[in-house]
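Dear colleague,

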Number of protein chains: 2
Amino acid sequence: MAINKTEVRRILDQVKAAGRTSLTAPEGKLVCDAYGIAVPKEGVATSAAEAARIATSMGFPVVLKIVSPEILHKTEAGGVLVGIKNAGEAEKGFATIMANAAKYNAKATLLGVQVQQMLAGGQEVIIGAVTDPAFGKLVAFGLGGILVEVLKDITFRLAPASRDDALSMLDGIAAAEILKGVRGADPVDRDALAAMIANVSQLVSEFPEIVEMDLNPVFATKSGAIAADVRIVVDFAPVTPRYRPSQETIVRQMNRIMKPDAVAVIGASTEEGKIGNSVMKNLINGGYQGAIYPINPTAGEIMGKKAYKSVKDVPGEIDVAVFAIPAKFCAQALVEVGEKKIPGAVLIPSGFAETGNMAGQEELVAIARKYDVRLMGPNIYGFYYTWKNLCATFCTAYDVKGHAALSSQSGGIGMAIIGFSRSAKMGVSAIVGLGNKSDIDEDDLLTFFEQDDNTQIIAQHCEDLKDGRSFAEVAKRVSKKKPIVMLKAGRTTLGARAASSHTGALAGNDKIYEDVLKQSGVIRARSLRDLLEFARGIPVLPTPRGENVIIITGAGGSGVLLSDACVDNKLSLMTMPPDLDAAFRKFIPPFGAAGNPVDITGGEPPKTYQNTIRLGLEDPRIHALILGYWHTIVTPPMVFAKLLVEVVEEMKAKGIEKPIVASLAGDVQVEEAAEYLYQHGIPAYAYSTEIPVAVLGAKYQWARGAGLI
Amino acid sequence: MAINKTEVRRILDQVKAAGRTSLTAPEGKLVCDAYGIAVPKEGVATSAAEAARIATSMGFPVVLKIVSPEILHKTEAGGVLVGIKNAGEAEKGFATIMANAAKYNAKATLLGVQVQQMLAGGQEVIIGAVTDPAFGKLVAFGLGGILVEVLKDITFRLAPASRDDALSMLDGIAAAEILKGVRGADPVDRDALAAMIANVSQLVSEFPEIVEMDLNPVFATKSGAIAADVRIVVDFAPVTPRYRPSQETIVRQMNRIMKPDAVAVIGASTEEGKIGNSVMKNLINGGYQGAIYPINPTAGEIMGKKAYKSVKDVPGEIDVAVFAIPAKFCAQALVEVGEKKIPGAVLIPSGFAETGNMAGQEELVAIARKYDVRLMGPNIYGFYYTWKNLCATFCTAYDVKGHAALSSQSGGIGMAIIGFSRSAKMGVSAIVGLGNKSDIDEDDLLTFFEQDDNTQIIAQHCEDLKDGRSFAEVAKRVSKKKPIVMLKAGRTTLGARAASSHTGALAGNDKIYEDVLKQSGVIRARSLRDLLEFARGIPVLPTPRGENVIIITGAGGSGVLLSDACVDNKLSLMTMPPDLDAAFRKFIPPFGAAGNPVDITGGEPPKTYQNTIRLGLEDPRIHALILGYWHTIVTPPMVFAKLLVEVVEEMKAKGIEKPIVASLAGDVQVEEAAEYLYQHGIPAYAYSTEIPVAVLGAKYQWARGAGLI
């Protein structure tokens, strides 16, 4: 069905002219018609023959209703007949209704009889659209009645939604099975529902003034879907467009900011304990090799570097200016940064939006826009870029190079990232504080890290997304290349309240975040530890080439817990083919259990681990291994760890690489073994069956989203 | 309504005599009548006046149906009238139906008209009963239709269920809100539903031959509940009673086994690497002060101890015999243990049920019963009881005394417990391997630890409960005194399959475990780490005296994540009264956020933490504190840790003790601070906001279940 945008424009103009904020039911139906959204057919008949003709054209059964401005209570007037089954009944019904109406009110003007398609039951569903402050237009789908109201069983996608998005929504609710037909009911027409969802999403995208739309209920049958009731709310107030520089501009500016050749420290100081002193120390002691320009109105030299009164006095080019001065001096300094054409300002100072000083923050943003300067912060710890030995921060220095790029909205979480990274010997490419996010936010970082060869995974903590729409678009692209993990704080109502007292950000409905992050290929971490462990483990693991996971375990008890964890993390334990089962059985004691988990039993020598792991790696039908090690005197922890690394190296030499994770059950020596394994590319955890499987599950989630398996 | 057991006995006898396995519908109704379970009322009228009388007595509306052996298609014969609203209609209806029937088939014998109570809609629910292999009789409740079928929204309780249990079931389903009336519907009659649940549970408990019962649907209205359809399945096969020694017997025997004065090691050896050698070493080097009797057919002396050929040769009494001999020699040795009247045997050897050798295991159990010996294992690592310096195991020795008693069904998980305990410096009272659980199982341990003064918390890993009914009964009693935490492996279908290949145990429906554990006051751990962290943290925390939790945080970002975790762990963040809010505000910067979380902001000196924490402890309206520490130069980690301990000690001196947990965000120095805090009674975690809150949540869950708050 062709879309008729002109008709919708006409109706909306008429609503706007009338100063209304919602459409009447007939207007709503016309809008639906214009976008191929099925509503009950209807027409007005002025004769019995016409009633029969109209009814026949729309199909039976139909409902007949008197049309008369004077008759408000149609049923009372005998003006309604339902379940009209054929043309004869329609003709007769017309006459009956007209006669009843005339009898009820002799003075009434009888305009005719409305013939309306009667909806023949089916499954009640709800299709709607909302406008979210962060994500903009979203289309929603749920089951009608109590399921949506009580169980909140509803799912969202960014609008416009593709047909595939729409189909995924039908499977995206808990009660999805109902749509397939239960208790003898017919399955619904999935294509018709998907088309309706897609059309609604296209409509609200093409007419942004439609801020809310509800088709409730929609009757979905085996041969179609019809929206029985339409509600459309509009808002004609102009929307301020977001600042969205082009990808190319972001990359150009962010590359200079994140990988600068020259850094200015505004407020550099010799005084111990001052932020401007800590930043200088971190830059110098961190081993940064670029130019460092201390900016200080009084000092001639700071830590052996010539100081300048203003960035404008510095002879050469500057790529980024780190601010270590009180809030009140920032605006003036930023003007100078702009005049010096420095592309980025790292605003460590607090005292802006987070303390209620909105105006101060807005002033900075205005200056930044004027001079095309990008702002990081304010109210941040700064940032690290290890491959440049750059610690542009007042916190402790960090220099373990690696491939995980992390960011946090909050300073406290940033410190936890640094502590964990150091403790777990996790190499990072960058750690970035985003704080108040007056300008640079998560999607700018994604755009930078996307093309940063030192970064293989991006892990972000955030409390809100100021421009969720842009984030989702960028994430959808970037996640195809590099895994993105997000810890979204403020998931719960209480958490969201705390978030809002913290940054003044309105936390959105968590289900919207859940669905949109998934739609964008983002892996969602449920806890801080998960964020950190995923950032550490995912880049270490090779990408799986298929869904067949096997567990090889020395401890049957671990096997059970690892199986539970596979289900929790949506991993599919391979059904063991008989030949493979027999091959494993050759290596394990007769009372060991083959199948999957492969239970090699507890008292086995290194050889048994070796043989079974080698087989698991060699057989091309197996795509990933989960190992359950049990500490015994026969195969001590480091013996296990070393044999495992040997087998992996041996296979790598043959071109075989598969993701392997390990759960180590044993005395404290397993901690050393876990560390050794991690250093050799095998995420391994002592005293936990759940964490290694969660890490593998996250890797799989990414690989699936990126279309790699 | 009085219960009529005689009537049910009569009907069941009749079913048994007929060799049937289920009841007919009329039999089912009679059973329901006998237990006060409302079913639709009905009666047969032979006159119009009688029809009116019967209908009036049961209440309108009613349904009228012709009763005639010759008329099968009643509706076709005009023999059914629904919605009869009053006595007049009933009289008239009787006449109409009789006339219609006579016209339809002049030869038919018209026995009269059945008058049946017409169910007037309401909410469809399901009430049922099942017989679980581990838990025995269970009563079930769910919403009718798709909610149970598709969403599996159903809840179970052990039968018989008290009225309180039954009421808790109405709130125990996800869609509980529906019962309260949504979309203008009436709320259901909760008392009527609870009574029906309780009656069903009483019925199946009193007549164990009823193995399954379904009331589906039950129509619940605002003024009652009626079961429209009844299905009862019976099994008259006799059930073998479980071995259930009395509590007193268990305590007497377990005290000798767990805290022995004399231990025999059957298979003690001087040969390095042998299990019998490891056990001897662990006993002696572990510092056990009781008598140790090595049993070995050849050696005269082992590790300086006189060896005997048989336990029967030992002069004194022996409390426990540790078996370190191959499976095939166990039966004979056990007979000697029995003859020596040793109350317990610790069966380390494998080679029994776990390898398919059921007969061998059954033989041991038979000997044990004959001589009244309790068996631990077989197929275990042994056990530790630290307060006796007893390491009756072939694994590494462990001697850090504490108050957590842990057990595991699997050896691998046992080793993980030991490793974690050592690594986390967690003191334990005991660690016990249960393995094949041929005899001693979780409820024996509960009964022992209940009266063991050295134990304050019991944490158990299990894959199945062989006698879940007994466990639940004991746990219900013990959990009132001491927290019980359980990690139930095999939660998922895949996990359960692995469990079944591992121990031959049939894993039950996880929802049954979920509900029964909850009903018994058991805290369920979701992961191995949770089990271990709960075991470590719960005994350290004082018991809260109320539900008011507050968060005091230096990092706003931690505050948000901690709030999320509070919701996840069912903790209620106190709504801050204005005077308390004002009191906190005095101590924090003007831009800090009071309310809850109390955000003291990041750059604050030790004094701010001190003042706010002291206030939180002093104000009697606050019952628990969650602290979010942010590492800064102004308040370094150990400064924070020490000031916190000081404030806690100061309050303790005043008689104030409240549970406090802490999340530490910062560089690696926070790890030392976390350890220091833990040692001083404050569970504290680096780089995690979720674990400290989960530990507090578990403590709360216990305190609520035990009726302490």
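This is a predicted model: local features need pLDDT of at least 70, side-chain atom pairs count only at pLDDT 80 or more; totals for chains, interfaces and linings use all residues.

Residues are numbered from 1 along each chain as its sequence is written, and chains are lettered from A and ligands numbered from 1 in the order in which they are written.

Between the chains, 76 residues of chain B are in contact with 76 residues of chain A, where contact means that the C-beta atoms of two residues, placed from the backbone, lie within 7 Å. Chain B can be laid on chain A with an RMSD of 0.6 Å by a turn of 180° and a shift of 0.0 Å along the axis, the superposition being by least squares on the C-alpha atoms of residues with pLDDT of at least 70 in both. The two copies are therefore related as by a two-fold rotation axis, and the same surface serves both, since 100% of the contact residues of chain B recur in chain A.

As for the backbone, most residues other than glycine have a negative phi, and most peptide bonds are trans. In chain A, the peptide bond from N216(A) to P217(A) is cis, with omega near 0°, and the bond from G377(A) to P378(A) is also cis, with omega near 0°. In chain B, D372(B) has a positive phi of about 60° although it is not a glycine, and Y687(B) likewise has a positive phi of about 60°.

Best wishes
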